Amino acid sequence: MEQGGCSVFSAQAALEMIFEFDESGRIFYANAEAEKKLEYTGGLCGRSVGEVFPGEFKSEENTFTTQYAFDEKPRQLVAYRGNFTCFPVEAKILKSGCKPERYVCMAYDMLEKEYLKREVAQVRQEAELALKVKSEFVANVTHELRTPVNGVLGNVKELLCEDVDSRIMKSLRMIERCCVDMNKIIDNILDFSKLEAGKFTLEPRRFHVREMLDHVKTTHSAKITEKGLEFFMTVSPNVPEYVIGDELRIKQILNNLLSNALKFTAVGKVKLEVLKTAQMSGRTELFFIVIDSGIGIDDADKDKLFQSFSQVDASISRRYGGTGLGLNISKQLVELMGGNIGVESQRGKGSTFSFSIWVDSCEEEKSTGQQMDTVRPAGYMAGEQAAAGQEERADGDAVKQYGTQENKEALRKVLSKLILCVEMENWEKAEMFMDTIRQLAEGAPHEVGRVILRLKMAVQKENYEKITAGFEELKSFLQAEEVHA
Ligand code: ADP
(Lines give C-alpha, C1' and ligand atoms only; values in the text may rest on other atoms or scores of the structure.)
Protein backbone atom coordinates (compact mmCIF):
# COMPACT_ATOMS: atom_id res chain seq x y z
CA MET A 1 0.00 0.00 0.00
CA GLU A 2 1.65 3.25 -1.14
CA GLN A 3 0.66 6.75 -0.27
CA GLY A 4 2.42 9.92 -1.31
CA GLY A 5 5.57 8.07 -2.37
CA CYS A 6 6.45 6.49 1.03
CA SER A 7 5.51 3.08 2.22
CA VAL A 8 2.87 3.80 4.81
CA PHE A 9 3.96 0.90 7.00
CA SER A 10 7.62 1.91 7.28
CA ALA A 11 6.84 5.63 7.58
CA GLN A 12 4.20 4.98 10.25
CA ALA A 13 6.60 2.86 12.29
CA ALA A 14 9.49 5.34 11.91
CA LEU A 15 10.91 6.97 15.04
CA GLU A 16 11.35 10.27 13.23
CA MET A 17 8.64 12.67 12.11
CA ILE A 18 7.69 12.24 8.47
CA PHE A 19 5.15 14.25 6.51
CA GLU A 20 4.50 15.00 2.84
CA PHE A 21 3.15 18.12 1.17
CA ASP A 22 2.27 19.16 -2.37
CA GLU A 23 3.04 22.11 -4.68
CA SER A 24 0.59 24.30 -2.79
CA GLY A 25 2.40 23.52 0.52
CA ARG A 26 -0.60 21.52 1.77
CA ILE A 27 0.31 18.53 3.98
CA PHE A 28 -1.47 15.40 2.73
CA TYR A 29 0.28 12.72 4.77
CA ALA A 30 1.83 12.63 8.26
CA ASN A 31 3.10 9.64 10.22
CA ALA A 32 2.21 8.89 13.84
CA GLU A 33 5.40 10.48 15.22
CA ALA A 34 4.76 13.76 13.35
CA GLU A 35 1.17 13.86 14.61
CA LYS A 36 2.32 13.16 18.16
CA LYS A 37 5.12 15.73 18.24
CA LEU A 38 3.41 18.59 16.37
CA GLU A 39 0.05 18.31 18.20
CA TYR A 40 -2.27 19.97 15.67
CA THR A 41 -5.90 19.72 16.64
CA GLY A 42 -7.66 17.80 13.91
CA GLY A 43 -4.33 16.43 12.62
CA LEU A 44 -1.61 17.68 10.30
CA CYS A 45 -3.29 16.76 7.01
CA GLY A 46 -4.76 19.84 5.36
CA ARG A 47 -2.36 22.21 7.20
CA SER A 48 0.28 24.23 5.39
CA VAL A 49 4.04 23.55 5.64
CA GLY A 50 4.35 27.28 6.39
CA GLU A 51 2.50 26.68 9.69
CA VAL A 52 5.05 24.04 10.76
CA PHE A 53 8.15 25.88 9.53
CA PRO A 54 7.14 29.60 9.39
CA GLY A 55 10.81 30.68 9.39
CA GLU A 56 11.54 28.68 6.25
CA PHE A 57 8.30 28.54 4.22
CA LYS A 58 5.95 31.44 3.46
CA SER A 59 2.45 30.34 2.47
CA GLU A 60 0.89 32.14 -0.50
CA GLU A 61 -2.24 31.53 -2.45
CA ASN A 62 -2.07 27.95 -3.76
CA THR A 63 1.73 27.92 -3.45
CA PHE A 64 4.64 28.75 -1.13
CA THR A 65 8.01 30.50 -1.31
CA THR A 66 11.22 29.33 0.33
CA GLN A 67 15.01 29.57 0.24
CA TYR A 68 15.26 25.91 1.25
CA ALA A 69 17.71 23.93 -0.96
CA PHE A 70 15.84 20.56 -1.02
CA ASP A 71 19.04 18.51 -1.07
CA GLU A 72 20.26 15.54 1.01
CA LYS A 73 21.88 17.76 3.64
CA PRO A 74 20.08 17.79 7.01
CA ARG A 75 19.38 21.31 8.33
CA GLN A 76 18.44 22.72 11.69
CA LEU A 77 14.94 24.27 11.54
CA VAL A 78 12.46 25.43 14.12
CA ALA A 79 9.21 23.47 14.11
CA TYR A 80 5.97 25.02 15.47
CA ARG A 81 3.34 23.00 17.25
CA GLY A 82 -0.40 23.55 16.91
CA ASN A 83 -0.30 25.60 20.16
CA PHE A 84 2.42 27.97 18.70
CA THR A 85 5.20 26.66 20.93
CA CYS A 86 8.30 25.57 19.07
CA PHE A 87 11.31 23.22 19.27
CA PRO A 88 14.49 22.70 17.19
CA VAL A 89 14.58 19.87 14.68
CA GLU A 90 17.13 18.40 12.33
CA ALA A 91 15.23 18.11 9.05
CA LYS A 92 15.72 16.88 5.54
CA ILE A 93 13.12 17.95 2.94
CA LEU A 94 13.31 16.32 -0.47
CA LYS A 95 11.54 16.95 -3.78
CA SER A 96 10.04 14.06 -5.71
CA GLY A 97 11.19 15.55 -9.02
CA CYS A 98 8.03 14.54 -10.90
CA LYS A 99 4.90 16.40 -11.91
CA PRO A 100 2.83 17.32 -9.96
CA GLU A 101 5.70 18.01 -7.53
CA ARG A 102 5.61 16.42 -4.05
CA TYR A 103 7.82 16.99 -1.04
CA VAL A 104 8.73 14.73 1.86
CA CYS A 105 10.02 16.04 5.16
CA MET A 106 11.89 13.86 7.67
CA ALA A 107 12.75 15.46 11.00
CA TYR A 108 14.22 14.57 14.40
CA ASP A 109 13.41 16.37 17.61
CA MET A 110 16.88 17.67 18.50
CA LEU A 111 16.10 18.17 22.16
CA GLU A 112 15.05 14.56 22.48
CA LYS A 113 18.05 13.36 20.48
CA GLU A 114 20.39 15.40 22.63
CA TYR A 115 18.70 14.11 25.77
CA LEU A 116 19.02 10.50 24.60
CA LYS A 117 22.67 11.03 23.68
CA ARG A 118 23.36 12.37 27.14
CA GLU A 119 21.43 9.49 28.73
CA VAL A 120 23.43 6.93 26.75
CA ALA A 121 26.72 8.64 27.66
CA GLN A 122 25.73 8.64 31.31
CA VAL A 123 24.66 4.99 31.31
CA ARG A 124 27.93 4.07 29.58
CA GLN A 125 29.94 6.05 32.10
CA GLU A 126 28.11 4.41 34.99
CA ALA A 127 28.62 0.94 33.49
CA GLU A 128 32.35 1.62 33.00
CA LEU A 129 32.68 2.84 36.54
CA ALA A 130 30.79 -0.19 37.88
CA LEU A 131 33.05 -2.50 35.86
CA LYS A 132 36.14 -0.73 37.16
CA VAL A 133 34.93 -0.93 40.77
CA LYS A 134 34.03 -4.60 40.30
CA SER A 135 37.39 -5.42 38.71
CA GLU A 136 39.30 -3.62 41.45
CA PHE A 137 37.23 -5.36 44.12
CA VAL A 138 37.82 -8.79 42.55
CA ALA A 139 41.53 -8.06 42.16
CA ASN A 140 41.83 -6.97 45.82
CA VAL A 141 39.84 -9.89 47.19
CA THR A 142 41.77 -12.45 45.18
CA HIS A 143 45.05 -10.87 46.30
CA GLU A 144 43.89 -11.07 49.89
CA LEU A 145 42.86 -14.70 49.42
CA ARG A 146 46.24 -15.65 48.08
CA THR A 147 48.01 -14.76 51.36
CA PRO A 148 46.12 -17.19 53.64
CA VAL A 149 46.16 -19.93 50.99
CA ASN A 150 49.92 -19.62 50.64
CA GLY A 151 50.20 -19.55 54.43
CA VAL A 152 48.37 -22.88 54.67
CA LEU A 153 50.36 -24.31 51.77
CA GLY A 154 53.72 -23.31 53.30
CA ASN A 155 52.86 -24.89 56.65
CA VAL A 156 51.57 -28.06 55.02
CA LYS A 157 54.77 -28.36 52.99
CA GLU A 158 56.80 -28.05 56.21
CA LEU A 159 54.69 -30.70 57.94
CA LEU A 160 55.09 -32.99 54.93
CA CYS A 161 58.85 -32.94 55.49
CA GLU A 162 58.38 -34.23 59.02
CA ASP A 163 57.95 -37.78 60.12
CA VAL A 164 54.18 -38.12 60.25
CA ASP A 165 52.07 -41.26 60.12
CA SER A 166 50.58 -42.30 56.80
CA ARG A 167 46.99 -41.31 57.70
CA ILE A 168 48.02 -37.75 58.53
CA MET A 169 50.34 -37.70 55.50
CA LYS A 170 47.35 -38.54 53.30
CA SER A 171 45.33 -35.68 54.75
CA LEU A 172 48.25 -33.28 54.38
CA ARG A 173 48.67 -34.23 50.72
CA MET A 174 44.97 -33.62 50.21
CA ILE A 175 45.25 -30.16 51.84
CA GLU A 176 48.29 -29.42 49.64
CA ARG A 177 46.34 -30.34 46.49
CA CYS A 178 43.39 -28.23 47.55
CA CYS A 179 45.69 -25.24 48.09
CA VAL A 180 47.28 -25.69 44.67
CA ASP A 181 43.81 -25.88 43.07
CA MET A 182 42.69 -22.83 45.01
CA ASN A 183 45.75 -20.90 43.77
CA LYS A 184 44.87 -21.85 40.19
CA ILE A 185 41.35 -20.49 40.64
CA ILE A 186 42.73 -17.30 42.18
CA ASP A 187 45.14 -16.90 39.25
CA ASN A 188 42.29 -17.36 36.78
CA ILE A 189 40.09 -14.80 38.51
CA LEU A 190 42.98 -12.32 38.68
CA ASP A 191 43.77 -12.75 34.99
CA PHE A 192 40.13 -12.46 34.08
CA SER A 193 39.61 -9.24 36.04
CA LYS A 194 42.80 -7.72 34.60
CA LEU A 195 41.74 -8.64 31.06
CA GLU A 196 38.24 -7.26 31.64
CA ALA A 197 39.65 -4.00 32.94
CA GLY A 198 42.03 -3.73 29.97
CA LYS A 199 44.98 -3.75 32.37
CA PHE A 200 46.61 -6.86 31.02
CA THR A 201 49.97 -6.58 29.28
CA LEU A 202 51.95 -9.28 27.53
CA GLU A 203 55.61 -9.79 28.41
CA PRO A 204 57.39 -10.99 25.29
CA ARG A 205 60.82 -12.59 25.62
CA ARG A 206 62.95 -14.87 23.45
CA PHE A 207 62.25 -18.55 24.15
CA HIS A 208 62.90 -22.02 22.79
CA VAL A 209 59.64 -23.28 21.29
CA ARG A 210 60.26 -27.01 21.61
CA GLU A 211 61.54 -26.68 25.18
CA MET A 212 58.37 -24.78 26.04
CA LEU A 213 56.29 -27.56 24.46
CA ASP A 214 58.22 -30.25 26.30
CA HIS A 215 57.55 -28.44 29.53
CA VAL A 216 53.83 -28.30 28.73
CA LYS A 217 53.88 -32.01 27.98
CA THR A 218 55.67 -32.80 31.26
CA THR A 219 53.10 -30.78 33.18
CA HIS A 220 50.40 -33.17 32.03
CA SER A 221 52.32 -36.44 32.00
CA ALA A 222 51.12 -37.58 35.44
CA LYS A 223 47.47 -37.10 34.42
CA ILE A 224 48.06 -38.88 31.09
CA THR A 225 49.55 -41.88 32.89
CA GLU A 226 46.91 -41.82 35.60
CA LYS A 227 44.11 -41.94 33.01
CA GLY A 228 45.92 -44.42 30.74
CA LEU A 229 45.54 -42.16 27.70
CA GLU A 230 47.73 -42.02 24.62
CA PHE A 231 49.45 -38.70 24.01
CA PHE A 232 51.06 -37.51 20.79
CA MET A 233 52.89 -34.32 20.05
CA THR A 234 53.85 -33.26 16.54
CA VAL A 235 55.82 -30.14 15.77
CA SER A 236 56.14 -29.18 12.13
CA PRO A 237 59.80 -29.03 11.03
CA ASN A 238 59.50 -25.42 9.92
CA VAL A 239 58.47 -24.16 13.37
CA PRO A 240 61.40 -21.90 14.36
CA GLU A 241 63.65 -22.94 17.18
CA TYR A 242 63.44 -19.60 18.94
CA VAL A 243 60.76 -16.91 18.81
CA ILE A 244 59.93 -13.81 20.82
CA GLY A 245 56.59 -14.00 22.58
CA ASP A 246 54.98 -14.27 26.00
CA GLU A 247 56.03 -17.85 26.74
CA LEU A 248 54.17 -17.96 30.05
CA ARG A 249 50.86 -16.96 28.46
CA ILE A 250 51.28 -19.31 25.49
CA LYS A 251 51.88 -22.09 28.00
CA GLN A 252 48.82 -20.99 29.93
CA ILE A 253 46.60 -21.35 26.83
CA LEU A 254 48.08 -24.73 25.97
CA ASN A 255 47.78 -25.93 29.56
CA ASN A 256 44.14 -24.89 29.64
CA LEU A 257 43.31 -26.67 26.39
CA LEU A 258 45.28 -29.77 27.33
CA SER A 259 43.90 -30.03 30.84
CA ASN A 260 40.38 -29.73 29.39
CA ALA A 261 41.20 -32.37 26.77
CA LEU A 262 42.47 -34.71 29.49
CA LYS A 263 39.63 -33.87 31.86
CA PHE A 264 36.94 -34.67 29.30
CA THR A 265 38.57 -37.78 27.80
CA ALA A 266 38.17 -41.10 29.55
CA VAL A 267 39.60 -43.38 26.85
CA GLY A 268 41.57 -42.86 23.68
CA LYS A 269 44.04 -40.19 22.80
CA VAL A 270 44.99 -36.56 23.12
CA LYS A 271 47.16 -34.87 20.52
CA LEU A 272 49.01 -31.60 20.35
CA GLU A 273 50.19 -30.28 17.00
CA VAL A 274 52.16 -27.16 16.24
CA LEU A 275 52.60 -25.65 12.78
CA LYS A 276 54.04 -22.51 11.31
CA THR A 277 51.34 -21.04 9.07
CA ALA A 278 52.80 -17.73 7.96
CA GLN A 279 55.82 -15.49 8.13
CA MET A 280 55.97 -11.83 7.18
CA SER A 281 57.90 -8.71 8.12
CA GLY A 282 59.77 -10.31 10.95
CA ARG A 283 56.69 -11.96 12.42
CA THR A 284 55.69 -15.62 12.50
CA GLU A 285 52.23 -17.08 12.79
CA LEU A 286 52.11 -20.27 14.84
CA PHE A 287 49.11 -22.57 14.77
CA PHE A 288 48.31 -24.97 17.62
CA ILE A 289 45.84 -27.84 17.49
CA VAL A 290 44.66 -29.84 20.51
CA ILE A 291 42.62 -32.91 19.65
CA ASP A 292 40.92 -35.30 22.02
CA SER A 293 38.67 -38.32 21.71
CA GLY A 294 36.56 -37.30 24.70
CA ILE A 295 32.92 -36.46 25.41
CA GLY A 296 32.69 -33.75 22.70
CA ILE A 297 30.39 -30.72 22.64
CA ASP A 298 26.99 -30.21 21.00
CA ASP A 299 26.79 -27.66 18.18
CA ALA A 300 24.33 -25.59 20.19
CA ASP A 301 26.81 -25.26 23.07
CA LYS A 302 29.87 -24.28 21.06
CA ASP A 303 29.08 -20.55 21.07
CA LYS A 304 28.79 -20.50 24.85
CA LEU A 305 32.22 -22.03 25.43
CA PHE A 306 34.33 -18.91 25.12
CA GLN A 307 32.06 -16.75 27.25
CA SER A 308 33.09 -16.09 30.84
CA PHE A 309 31.80 -18.38 33.60
CA SER A 310 30.31 -20.63 30.95
CA GLN A 311 30.16 -24.38 31.22
CA VAL A 312 28.16 -26.53 28.89
CA ASP A 313 25.70 -27.56 31.59
CA ALA A 314 25.37 -27.77 35.34
CA SER A 315 25.97 -31.52 35.38
CA ILE A 316 29.39 -30.92 33.80
CA SER A 317 30.46 -28.51 36.51
CA ARG A 318 29.22 -30.92 39.18
CA ARG A 319 31.03 -33.87 37.66
CA TYR A 320 34.23 -32.30 36.35
CA GLY A 321 34.58 -29.10 38.39
CA GLY A 322 36.07 -25.89 36.99
CA THR A 323 35.09 -22.24 36.94
CA GLY A 324 34.26 -21.84 33.25
CA LEU A 325 36.88 -19.09 32.96
CA GLY A 326 39.72 -20.95 31.25
CA LEU A 327 38.49 -20.72 27.66
CA ASN A 328 37.42 -17.10 28.01
CA ILE A 329 40.88 -16.18 29.32
CA SER A 330 42.49 -18.23 26.54
CA LYS A 331 40.39 -16.44 23.92
CA GLN A 332 41.34 -13.03 25.27
CA LEU A 333 45.03 -13.97 25.43
CA VAL A 334 44.97 -15.37 21.88
CA GLU A 335 43.35 -12.17 20.64
CA LEU A 336 45.96 -10.07 22.45
CA MET A 337 48.55 -12.06 20.49
CA GLY A 338 46.78 -11.18 17.23
CA GLY A 339 45.19 -14.59 16.65
CA ASN A 340 41.95 -16.53 16.77
CA ILE A 341 40.68 -19.53 18.68
CA GLY A 342 38.01 -21.97 17.58
CA VAL A 343 36.55 -25.39 18.22
CA GLU A 344 35.14 -28.18 16.13
CA SER A 345 33.51 -31.01 17.94
CA GLN A 346 31.03 -33.83 17.79
CA ARG A 347 29.14 -35.08 20.82
CA GLY A 348 30.60 -38.42 21.93
CA LYS A 349 33.42 -38.35 19.39
CA GLY A 350 35.82 -35.72 20.67
CA SER A 351 36.87 -32.12 20.19
CA THR A 352 39.49 -30.18 18.26
CA PHE A 353 40.47 -26.82 19.68
CA SER A 354 42.82 -24.75 17.55
CA PHE A 355 44.33 -21.30 17.82
CA SER A 356 46.77 -19.10 16.00
CA ILE A 357 49.09 -16.45 17.44
CA TRP A 358 51.68 -14.06 16.03
CA VAL A 359 55.14 -13.99 17.58
CA ASP A 360 58.24 -12.00 16.62
CA SER A 361 60.97 -13.83 14.79
CA CYS A 362 64.41 -13.84 16.41
CA GLU A 363 67.32 -12.23 14.56
CA GLU A 364 68.84 -15.58 13.55
CA GLU A 365 65.44 -16.86 12.36
CA LYS A 366 64.74 -13.64 10.46
CA SER A 367 67.90 -14.05 8.38
CA THR A 368 66.98 -17.61 7.43
CA GLY A 369 63.23 -17.14 7.56
CA GLN A 370 62.65 -16.86 3.84
CA GLN A 371 64.67 -19.95 3.25
CA MET A 372 62.88 -21.88 5.93
CA ASP A 373 59.60 -21.22 4.19
CA THR A 374 60.71 -22.77 0.95
CA VAL A 375 63.09 -25.52 1.97
CA ARG A 376 61.84 -28.54 3.82
CA PRO A 377 64.11 -29.28 6.75
CA ALA A 378 64.58 -32.73 8.28
CA GLY A 379 61.47 -33.81 10.19
CA TYR A 380 60.74 -33.33 13.86
CA MET A 381 58.01 -35.62 14.99
CA ALA A 382 57.21 -37.24 18.27
CA GLY A 383 55.23 -40.36 19.06
CA GLU A 384 54.17 -43.12 16.74
CA GLN A 385 53.71 -40.80 13.77
CA ALA A 386 57.46 -40.35 13.58
CA ALA A 387 57.97 -44.00 12.79
CA ALA A 388 54.92 -44.25 10.56
CA GLY A 389 55.72 -41.05 8.69
CA GLN A 390 59.19 -42.29 7.88
CA GLU A 391 57.72 -45.07 5.76
CA GLU A 392 56.13 -42.74 3.26
CA ARG A 393 58.54 -39.84 3.45
CA ALA A 394 59.67 -39.08 -0.04
CA ASP A 395 63.38 -38.92 -0.85
CA GLY A 396 65.47 -36.70 -3.08
CA ASP A 397 65.81 -32.95 -3.24
CA ALA A 398 63.50 -32.50 -6.24
CA VAL A 399 60.72 -34.33 -4.44
CA LYS A 400 61.15 -32.08 -1.44
CA GLN A 401 61.03 -28.91 -3.48
CA TYR A 402 57.40 -27.80 -3.80
CA GLY A 403 56.33 -27.24 -7.39
CA THR A 404 58.82 -29.53 -9.14
CA GLN A 405 57.52 -32.31 -11.39
CA GLU A 406 58.77 -34.94 -8.90
CA ASN A 407 57.14 -33.16 -6.01
CA LYS A 408 53.77 -32.96 -7.78
CA GLU A 409 53.96 -36.59 -8.77
CA ALA A 410 54.68 -37.56 -5.16
CA LEU A 411 51.87 -35.33 -3.92
CA ARG A 412 49.39 -36.88 -6.33
CA LYS A 413 50.37 -40.37 -5.26
CA VAL A 414 50.09 -39.67 -1.57
CA LEU A 415 46.76 -37.92 -2.11
CA SER A 416 45.29 -40.99 -3.78
CA LYS A 417 46.65 -43.19 -1.00
CA LEU A 418 45.07 -40.85 1.51
CA ILE A 419 41.69 -41.11 -0.16
CA LEU A 420 41.99 -44.88 -0.26
CA CYS A 421 42.65 -44.96 3.49
CA VAL A 422 39.70 -42.65 4.08
CA GLU A 423 37.44 -44.92 2.02
CA MET A 424 38.64 -47.87 4.11
CA GLU A 425 38.28 -45.86 7.30
CA ASN A 426 41.90 -46.50 8.18
CA TRP A 427 42.26 -43.21 10.02
CA GLU A 428 45.65 -43.82 11.58
CA LYS A 429 47.19 -44.36 8.15
CA ALA A 430 45.22 -41.47 6.66
CA GLU A 431 46.77 -39.15 9.24
CA MET A 432 50.19 -40.49 8.40
CA PHE A 433 49.68 -39.72 4.69
CA MET A 434 48.34 -36.34 5.64
CA ASP A 435 51.62 -35.57 7.37
CA THR A 436 53.54 -36.58 4.27
CA ILE A 437 51.32 -34.30 2.17
CA ARG A 438 52.00 -31.44 4.52
CA GLN A 439 55.72 -31.98 4.28
CA LEU A 440 55.62 -32.23 0.50
CA ALA A 441 53.67 -29.00 0.33
CA GLU A 442 56.03 -27.00 2.48
CA GLY A 443 56.91 -23.77 0.74
CA ALA A 444 53.62 -23.90 -1.19
CA PRO A 445 51.63 -20.65 -1.58
CA HIS A 446 49.65 -19.57 1.45
CA GLU A 447 46.26 -20.58 0.02
CA VAL A 448 47.50 -24.15 -0.65
CA GLY A 449 48.80 -24.27 2.91
CA ARG A 450 45.35 -23.27 4.21
CA VAL A 451 43.59 -25.97 2.16
CA ILE A 452 46.04 -28.56 3.51
CA LEU A 453 45.42 -27.40 7.04
CA ARG A 454 41.66 -27.73 6.54
CA LEU A 455 42.09 -31.14 4.97
CA LYS A 456 44.27 -32.24 7.85
CA MET A 457 41.72 -31.14 10.42
CA ALA A 458 38.98 -32.91 8.46
CA VAL A 459 41.04 -36.13 8.52
CA GLN A 460 41.60 -35.79 12.23
CA LYS A 461 37.91 -35.34 12.75
CA GLU A 462 37.14 -38.19 10.38
CA ASN A 463 34.77 -35.91 8.53
CA TYR A 464 34.25 -37.58 5.18
CA GLU A 465 32.47 -34.67 3.46
CA LYS A 466 35.08 -32.10 4.42
CA ILE A 467 37.87 -34.48 3.39
CA THR A 468 36.35 -34.90 -0.07
CA ALA A 469 35.91 -31.13 -0.40
CA GLY A 470 39.53 -30.48 0.70
CA PHE A 471 40.81 -33.22 -1.60
CA GLU A 472 39.01 -31.73 -4.61
CA GLU A 473 40.22 -28.25 -3.72
CA LEU A 474 43.82 -29.42 -3.46
CA LYS A 475 43.59 -31.38 -6.68
CA SER A 476 42.28 -28.37 -8.56
CA PHE A 477 45.09 -26.21 -7.12
CA LEU A 478 47.67 -28.68 -8.39
CA GLN A 479 45.98 -28.83 -11.78
CA ALA A 480 45.67 -25.05 -12.03
CA GLU A 481 49.37 -24.66 -11.26
CA GLU A 482 50.12 -27.21 -13.97
CA VAL A 483 48.06 -25.30 -16.58
CA HIS A 484 49.72 -22.08 -15.44
CA ALA A 485 53.18 -23.58 -15.86
P1 ADP B 1 36.56 -24.98 33.14
O2 ADP B 1 37.59 -24.43 34.05
O3 ADP B 1 35.20 -25.05 33.77
O4 ADP B 1 36.97 -26.23 32.44
P5 ADP B 1 36.77 -23.74 30.53
O6 ADP B 1 36.45 -22.36 30.11
O7 ADP B 1 38.17 -24.20 30.31
O8 ADP B 1 36.37 -23.82 32.05
O9 ADP B 1 35.75 -24.71 29.80
C10 ADP B 1 34.39 -24.39 29.77
C11 ADP B 1 33.54 -25.59 29.42
O12 ADP B 1 33.79 -25.99 28.08
C13 ADP B 1 33.85 -26.84 30.23
O14 ADP B 1 33.19 -26.81 31.47
C15 ADP B 1 33.25 -27.91 29.32
O16 ADP B 1 31.85 -27.94 29.45
C17 ADP B 1 33.58 -27.37 27.92
N18 ADP B 1 34.84 -27.96 27.38
C19 ADP B 1 36.05 -27.35 27.30
N20 ADP B 1 36.97 -28.15 26.72
C21 ADP B 1 36.31 -29.30 26.41
C22 ADP B 1 36.71 -30.54 25.78
N23 ADP B 1 37.96 -30.74 25.35
N24 ADP B 1 35.76 -31.50 25.63
C25 ADP B 1 34.50 -31.28 26.05
N26 ADP B 1 34.05 -30.16 26.65
C27 ADP B 1 34.95 -29.17 26.83
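Biologist: Where do Lys-37 and Glu-33 lie, and how many residues apart are they?

Modeller: Both are in helix H2, residues 32–38, four residues apart, which is about one turn of the helix. Keep in mind that this is a predicted model.

Biologist: What makes Lys-37 and Glu-33 a salt bridge?

Modeller: Their side chains come to 2.8 Å, N to O. The cut-off is 4 Å between a Lys or Arg side-chain nitrogen and an Asp or Glu carboxyl oxygen, so the pair counts.

Biologist: How many salt bridges does the structure hold?

Modeller: There are 29. Another of them joins Arg-438 to Glu-273, with the closest N and O atoms 3.3 Å apart.

Biologist: Why say that Arg-438 and Glu-273 tie parts together?

Modeller: Because Arg-438 sits in helix H15 (residues 427–440) and Glu-273 in strand E13, the pair links parts 165 residues apart in sequence.

Biologist: Are Arg-438 and Glu-273 buried or exposed, and how do you know?

Modeller: Buried means under 20% relative accessible area. Arg-438 has 11%, so it counts as buried. Glu-273 has 1%, so that residue is buried too.

Biologist: Why does Phe-137 count as exposed?

Modeller: Its relative accessibility is 54%, and exposed means over 50%, so Phe-137 qualifies. Phe-137 is in helix H4, residues 110–161. Together with Val-141 and Leu-145, Phe-137 makes a nonpolar surface patch of about 260 Å².

Biologist: On to pockets. Which residues lie nearest the centre of the second largest pocket?

Modeller: Asn-238, Lys-276, Thr-277, Ala-444 and Gly-449, out of 20 lining residues. Strand E13 (269–280), helix H11 (363–374) and helix H16 (446–460) each give two or more residues to that lining. The space in the second largest pocket is about 430 Å³.

Biologist: What kinds of residues make up the lining of the second largest pocket?

Modeller: Eight are nonpolar, seven polar and five charged.

Conventions
Residues numbered from 1 in each chain as written. Predicted model: local features only at pLDDT ≥ 70, side-chain atom pairs only at ≥ 80, totals over all residues. Heavy atoms only, no water. Patch = residues over 30% accessible without salt bridge, like charges linked within 9 Å, V, L, I, M, F, W, Y side chains within 5 Å. Areas by Shrake-Rupley, 256 points an atom, 1.4 Å probe, with all protein chains shown as cover. Buried < 20%, exposed > 50% of the residue type's maximum accessible area, 1.4 Å probe, protein only. 1 Å grid on protein atoms, 1.4 Å probe; cavity = no way out; pocket = protein on both sides within 12 Å on 5 of 7 lines; lining within 4 Å. Points joined across faces, edges and corners; volume = space filled by probe spheres on them. Nonpolar A, V, L, I, M, F, W, Y, C, P; charged D, E, K, R; others polar.
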